[in-house]
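Please look at the sequence and the structure shown below, and keep both in view while reading. The report that follows goes through the arrangement step by step.

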Amino acid sequence: MTKPIAEQVALVTGGATGIGRAFTEALASAGARVCIASRRDDVLNRAADEINSRLSAERVFPYAFDIRDRALTENLVMHINERWGAVDILINNSGLAVPETVTEITDEGWDKVFDTNLRGVMWLVRRLVQGMVAQDFGDVVNVSSQAGKHGYADVPSYCASKFGLLGFAESLRDHVRKVGANVRVFNFCPGLVDVERVGPDEEPRPGFIHVQNMARTLMYALSLDRNVILEDINIYAR
Ligand SMILES: NC(=O)c1ccc[n+]([C@@H]2O[C@H](COP(=O)([O-])OP(=O)(O)OC[C@H]3O[C@@H](n4cnc5c(N)ncnc54)[C@H](OP(=O)(O)O)[C@@H]3O)[C@@H](O)[C@H]2O)c1
């Protein structure tokens, strides 16, 4: 079973800025309805207004929540289920790093990184994958990092969370395979992505890739046959 992108509903966490915004724009331009969710109301509303007015259509729907808060996350899931029934594409993109070396790590920093990058993803997946299994259609896209493949001394908690995200994704992939659901799981493992020079004609900074490459790769991955999985998409500057 497949479905045109224009008939799909996506949730992009952190979908108003950076990589998430590029994903949102690509999905909405292809006709999908996209719920963007993160903490800052003003940033969400501005992004939705800008994209909707460029497309002359209401395709982007802002929703403010904090992924570290279970009740707010549950409210987001209920909002989505009531409004659209289920999501077809879940993009676990929101994330952050707290730069603390191994000897500097604080419980506060560790918890902030893990609750944002990993626990919140688990809450969303646990609830939203049920709808995907029930409708026998869905894609889960996780934004990990090259820091989910290699350890870096300045961000150990970030590396551990992004390694963990890949492990969780493997378990999810095994779960949907076992229940026989038409659900794919993709992981992005980008190196440096320039989220400042984002204009179509702007050159990314040395060592960075232009954010449009993330969006183009997303749309390519989603366009593949339903029985095709691109496992970890390692994408970085030559
Ligand atoms: N840019 C890179 O070089 C790079 C490389 C590898 C991986 N990544 C990963 O790519 C993803 C996107 O990063 P980005 O570079 O595009 O940076 P970004 O613009 O800072 O994106 C992070 C997004 O996460 C949201 N967010 C943070 N904390 C949240 C919370 N508690 N609840 C809900 N949303 C929250 C932020 O919105 P609010 O602040 O409004 O909540 C923001 O929209 C992250 O997972 C990052 O780790 C980035």
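Strand 5 (138-143) is mostly covered, since 6 of its 6 residues are buried; a residue counts as buried if 20 or more other C-beta atoms, placed from the backbone, lie within 10 Å of its own. On one side of strand 5 the buried residues are Gly 138, Val 140 and Asn 142, and on the other they are Asp 139, Val 141 and Val 143, which leaves both faces covered.

This is a predicted model, in which local features need pLDDT of at least 70 and side-chain atom pairs count only at pLDDT 80 or more, while totals for chains, interfaces and linings use all residues. Residues are numbered from 1 along each chain as its sequence is written, and helices (H or I, at least four residues) and strands (E, at least two) are DSSP runs numbered from the N terminus.

Strands of a sheet pair through backbone hydrogen bonds, either parallel or antiparallel. Here 7 strands form an open sheet in the order 3-2-1-4-5-6-9, with parallel pairing; two strands pair if DSSP finds at least two bridges between them. The edge strands, each pairing on one side only, are strand 3 (60-64) and strand 9 (232-235).

| Strand pair | Sense | Bridges |
|---|---|---|
| Strand 1 and strand 4 | parallel | 3 bridges |
| Strand 4 and strand 5 | parallel | 4 bridges |
| Strand 5 and strand 6 | parallel | 6 bridges |

Individual residues show these pairings: Leu 11 has Leu 90 in strand 4 as its bridge partner, Ile 89 stands opposite Asp 139 in strand 5, and Asn 142 has Asn 187 in strand 6 as its bridge partner. The chain passes from strand 4 through helix 4 (residues 107-135) to strand 5 in a right-handed β-α-β crossover, where right-handed says that, with the strands pointing away from the viewer, the path from the first strand over the helix to the second runs clockwise. Strand 5, helix 5 (residues 156-178) and strand 6 also make a right-handed β-α-β unit.

Which helix contributes the largest share of the shell around the ligand? Helix 1 (residues 18-29) does, with 3 residues. In total, 25 residues surround the ligand, and the closest are Gly 14, Gly 18, Arg 39, Ser 94 and Gly 95; a residue is near a molecule if its C-beta atom, placed from the backbone, lies within 6 Å of it.

Note on methods
Contact = placed C-beta atoms within 7 Å. Axes fitted to C-alpha atoms, helices over the stretch in contact; angles between N-to-C directions. Buried ≥ 20, exposed ≤ 12 C-beta atoms within 10 Å, placed from the backbone.
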